[in-house]
Amino acid sequence: MLYALDQRTGTIRWRFDTIAKAWTHPSAGGGGSWFTPSLASDGHLYVGISNPDPWGGSAKLPNGGMYPGPVLYTDALVVLDARTGKLLWYDQVTKHDVRDYDLSLSPILVGDDVYSAGKAGRVVAWNRTSGKRLWATAVGTHLHDLGPLPKLPVRVCPGLWGGVLTPMAYARGRLFVPVVQRCMAESAIHIARLEPLTNAQGVVVALSARKGQKLWSRTLGSPPTGCATVANDVVLVPTYDGHVDALETATGKVLWRVRERAGIIGCPAVAGNLLLVGAGAPYPVRGGDVREIIAYGLPEGRS
């Protein structure tokens, strides 16, 4: 459910049910929203919706049998009138999701276009006026990621907590996409083995915002579990093992790299020439239980 509240009184102005029809099974659920919606100057609100649940299955109800059909508006970009909550248009990226492929990120609005992505590992662009899909580009590794799953386990990429897990960034006609390279053994019934996130890898991909083609990619030693952030022609990408990589936006060249005393699962922030990084995830453990904010002074210009 999405709610609009009066900012002065807290009164509910409208609500929008992100599940269009009642669940057919009492154990079904899901379809919420993870990240902050994006509001355009024309009053249109863009929201990414998460997956249906339980997204695996059972011997009697395999492949998401508890929620038959496409289950609108799960895994969809939903566009509402922010004043009234009226649905303007939507596009469902994954129909009948059986792999936990939320379209969870905050949409990025640039001119007449809107961009979003999620755990399916696909970046999608739409025209904001017509709702027409302009392009869709797969990023990272993809294997057995479409359609129903077999009874016996197969390796699925992206697996659970993989794909585009955290927000992208945009600058000068480019999208910068942090991708968690995490595969998983899955079947029509359940996950065969839950592998730790520390075993995953990562990559940053730069895409042309106009056509969606890949411009460059940079491999990371750990999954990027924090947002990509752009400042001064540098894209900053934090990783689960506590690194922050600073890459040149035009080429992906590594400009500098630092490592914190704890893992990072949050978004770095830039204010002027100051970079703020929060670290506190339990991986890696160096020097005990560390939770801290680190401030770095950034030089003027690109370097």
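Lys and Arg count as positive and Asp and Glu as negative, whereas His and the chain ends are not counted; the place of a charge is taken as NZ of Lys, CZ of Arg, CG of Asp or CD of Glu. The legends below describe a predicted model, in which local features need pLDDT of at least 70 and side-chain atom pairs count only at pLDDT 80 or more, while totals for chains, interfaces and linings use all residues. Residues are numbered from 1 along each chain as its sequence is written, and side-chain values use heavy atoms, with hydrogens and water left out.

**Figure 1. The protein chain as a whole.** The protein chain has 26 strands and zero helices; helices (H or I, at least four residues) and strands (E, at least two) are DSSP runs, numbered from the N terminus. The radius of gyration is 20 Å, close to the 19 Å that the globule rule gives for 303 residues, so the chain is as compact as a globular protein of that length. This radius is taken over C-alpha atoms, and the globule rule is 2.2 Å times the number of residues to the power 0.38. The C-alpha trace spans about 55 × 50 × 40 Å along its principal axes. Of the 303 residues, 50% count as buried; buried means under 20% relative accessible area, exposed over 50%, and partly exposed in between (1.4 Å probe, protein chains only). Among contacts (heavy atoms within 4.5 Å) with a separation of 6 or more, 51% join residues 24 or more positions apart. The protein chain carries 31 positive and 23 negative side chains, and the centres of the two sets lie 4 Å apart.

**Figure 2. The largest nonpolar core.** A nonpolar core is a set of buried Ala, Val, Leu, Ile, Met, Phe, Trp, Tyr and Cys residues joined through side-chain atoms within 4.5 Å. The largest one here has 17 residues, and those with the most contacts inside it are Tyr115, Val123, Val139, Met168, Leu175, Val177 and Leu207. At least two residues of this core come from each of strand S11 (122-127), strand S15 (174-181) and strand S18 (201-208). Beyond four places in sequence, the residues touched by leucine 207 include Val123, Val139, Leu175 and Val177.

**Figure 3. Serine 208 in strand S18.** Serine 208 belongs to strand S18. Is this serine buried or exposed? Serine 208 is buried, with a relative accessible area of 11%. When neighbours within four places in sequence are left aside, serine 208 is in contact with Trp135, Gly173, Gln213 and Leu215.

**Figure 4. Serine 50 in a loop.** Serine 50 is found between strand S5 (44-48) and strand S6 (52-53), in the loop that joins them. Serine 50 counts as buried because its relative accessible area is 6%. Its contacts, apart from neighbours within four places in sequence, are Gly31, Gly32, Ser33, Trp34, Thr74, Asp75, Asp102 and Leu103.

Figure 5. Most residues other than glycine have a negative phi, and most peptide bonds are trans. Which residues does a cis peptide bond join, with omega about -5°? The bond lies between aspartate 53 and proline 54, and proline 54 is in the loop between S6 and strand S7 (76-81). The peptide bond from leucine 72 to tyrosine 73 is also cis, with omega near 10°, and tyrosine 73 lies in the loop between S6 and S7. Asparagine 63 has a positive phi, near 50°, and is placed in the loop between S6 and S7; asparagine 63 is buried, at 16% relative accessibility. Valine 71 has a positive phi near 55°, is found in the loop between S6 and S7, and is buried at 12% relative accessibility.

**Figure 6. Histidine 144 and cysteine 157.** Histidine 144 occupies the loop between strand S12 (133-138) and strand S13 (154-156). At 42% relative accessibility, histidine 144 is partly exposed. Histidine 144 and cysteine 157 are 13 residues apart in sequence, and their C-alpha atoms are 6.7 Å apart in space. Not counting residues up to four places away, histidine 144 touches Arg99, Leu149, Val154, Arg155 and Val156.

**Figure 7. Glycine 297 in strand S26.** Glycine 297 lies in strand S26 (residues 292-297) and is exposed, at 67% relative accessibility. How many residues along the chain separate glycine 297 from leucine 274? They are 23 residues apart, and their C-alpha atoms are separated by 4.8 Å. Leaving aside neighbours within four places in sequence, glycine 297 is in contact with Asn273 and Leu274.
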